[in-house]
Amino acid sequence: MLAIFNKEVVQPPQELHSPAAASANPAKKPQEIAKDFMSCHDTNNAVSVCFGNTALLTYVPPANPYTSPKRVFCSLDNIYCIFLGDLNNLCSLIKQYGLSKGTNEAMFVVQAYRTLRDRGPYPADQVLKDLDGSFGFVLYDTKAGTVFAALGANEGVSMFWGIAADGSVVISDNLGVIKQSCAKSFAPFPTGCMFHSEQGLMSFEHPTKKMKAMPRIDSEGVMCGATFKVDAHSRIPNMPRVGSEANWAVWGQQA
């Protein structure tokens, strides 16, 4: 899985930038990253959607569809989603949201996002806490120009993010792709967290706590992009309330 978003759409935490970015192996531009990624896979079996210079989503289904964790892609009403992992309670979630029995995990994320974006009965952290299983996903709402990504807390799925040569954000489940594309400006995507292009990074496991950047040095002694942990001693003073504006599309607003 590969997702690239222009810096005009997504502004990641500043600490994800490495002070050693100008290394012997500099970061690549988005076009080069996408080309290299596709060269490693069967292009006849891949799905790649390009949104001009704004975004790129590339999905390669697993060779064995019955392997775990799964990789699933879907689009609906200008909302695109790549989902990694498995939801143990997918059947009950389908019933809860009134969806069809054939709904897969990516379809569920899109439908739930669309429903909660428009009617917002729950805050984002509560929605994600209701997902039982190993999961990670990247969602792009082209109409709203919104990017939403999340990674489950149980570490059953891994995602990584970094900064391309032009400042674009790169997200992938392939660590090798991230390392080759982003030089030293990359890090694991934090577990139990969600990132919104307008509201930034926060923990859905501990939504009243702030996130803290943790310096990271690689085996060569070079400073890399920072990892992020929950700051147990902090507290967000005004949490979003339940209401139409306090949903997972715009969780930073007050209801």
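The model is predicted. Its secondary structure comes to five helices and 14 strands. Of the 255 residues in the chain, 51% are buried. Among contacts with a separation of 6 or more, 63% are between residues 24 or more positions apart.

**The six-stranded sheet**

- Six strands form an open sheet in the order β4-β5-β6-β7-β11-β12, and their pairing is antiparallel.
- Strands β4 (70-76) and β12 (200-203) stand at the edges with a single partner strand each, so one side of each is left without a neighbour in the sheet.
- From one strand to the next, the twist averages 15 degrees.
- Within this sheet, strand β6 (residues 133-141) runs antiparallel to strand β7 (residues 146-151), and six bridges join the two.

**Strand β11 and its partners**

- Strand β11 (residues 193-196) is covered on both faces. Cys193 and Phe195 are buried on one side, and Met194 and His196 are buried on the other.
- Strands β7 and β11 run antiparallel and are joined by four bridges. Across this pairing, leucine 151 stands opposite cysteine 193.
- Strand β11 also pairs with β12, in the antiparallel sense and over four bridges. Here histidine 196 has glycine 200 of β12 opposite.
- The link from β11 to β12 is a hairpin of three residues.

**Helix α2 and its packing on α3**

- Two packed helices are described by the angle between their axes and the distance between the axes. For helix α2 (residues 90-97) and α3, the angle is about 30 degrees and the axes are 11 Å apart.
- The crossing in which α2 passes α3 is left-handed.
- On the α2 side, Leu90, Leu93 and Tyr97 take part in the contact. They meet Glu105, Phe108, Ala112 and Leu116 in α3.
- By class, this contact has six nonpolar residues, one charged residue and no polar residues.
- The buried residues of α2 are Leu90, Leu93 and Ile94. Seen down the axis of α2, they fall within an arc of 105 degrees, so they line one face of the helix.
- An α-helix has 3.6 residues a turn, so residues three or four places apart point the same way.
- Cys91 and Lys95 lie on the other side of α2 and are exposed.
- The cover over the buried residues of α2 includes β5 and α3. Leu90 and Leu93 are buried and are also among the residues that meet α3.
- Just after α2, glycine 98 takes a positive phi of about 70 degrees.

**Helix α5 and its surroundings**

- In helix α5 (residues 175-182), the buried residues are Val177, Ile178, Ser181 and Cys182.
- These residues fall within an arc of 95 degrees when seen down the axis of α5, so they line one face of the helix.
- Several elements pack against the buried residues of α5: the strands β1 (2-5), β8 (160-163), β9 (169-172) and β10 (186-188), together with helix α1 (30-39).

- Strand β13 (residues 211-217) and strand β14 (residues 223-230) are antiparallel partners joined over six bridges.
- Methionine 211 stands opposite valine 230 in β14.
- Five residues lie between the two strands of this hairpin. In the turn, glycine 221 has a positive phi of about 80 degrees.
- The segment after β14 contains proline 237. Proline 237 has a relative accessible area of 67% and is exposed.
- Proline 237 and lysine 210 are 27 residues apart along the chain, and their C-alpha atoms are separated by 9.9 Å.

Definitions and conventions. Residues are numbered from 1 along each chain as its sequence is written. This is a predicted model: local features need pLDDT of at least 70, side-chain atom pairs count only at pLDDT 80 or more; totals for chains, interfaces and linings use all residues. Side-chain values use heavy atoms; hydrogens and water are left out. Two strands pair if DSSP finds at least two bridges between them. Axes are lines fitted to C-alpha atoms, for helices over the stretch in contact, and angles run from 0 to 180 degrees between N-to-C directions. A crossing is left-handed if the near helix is turned anticlockwise from the far one by less than a right angle, and right-handed if clockwise. Contact means heavy atoms within 4.5 Å. Ala, Val, Leu, Ile, Met, Phe, Trp, Tyr, Cys and Pro count as nonpolar, Asp, Glu, Lys and Arg as charged, and the others, Gly among them, as polar. Buried means under 20% relative accessible area, exposed over 50%, partly exposed in between (1.4 Å probe, protein chains only). The arc is that of the directions from the helix axis to the C-beta atoms.
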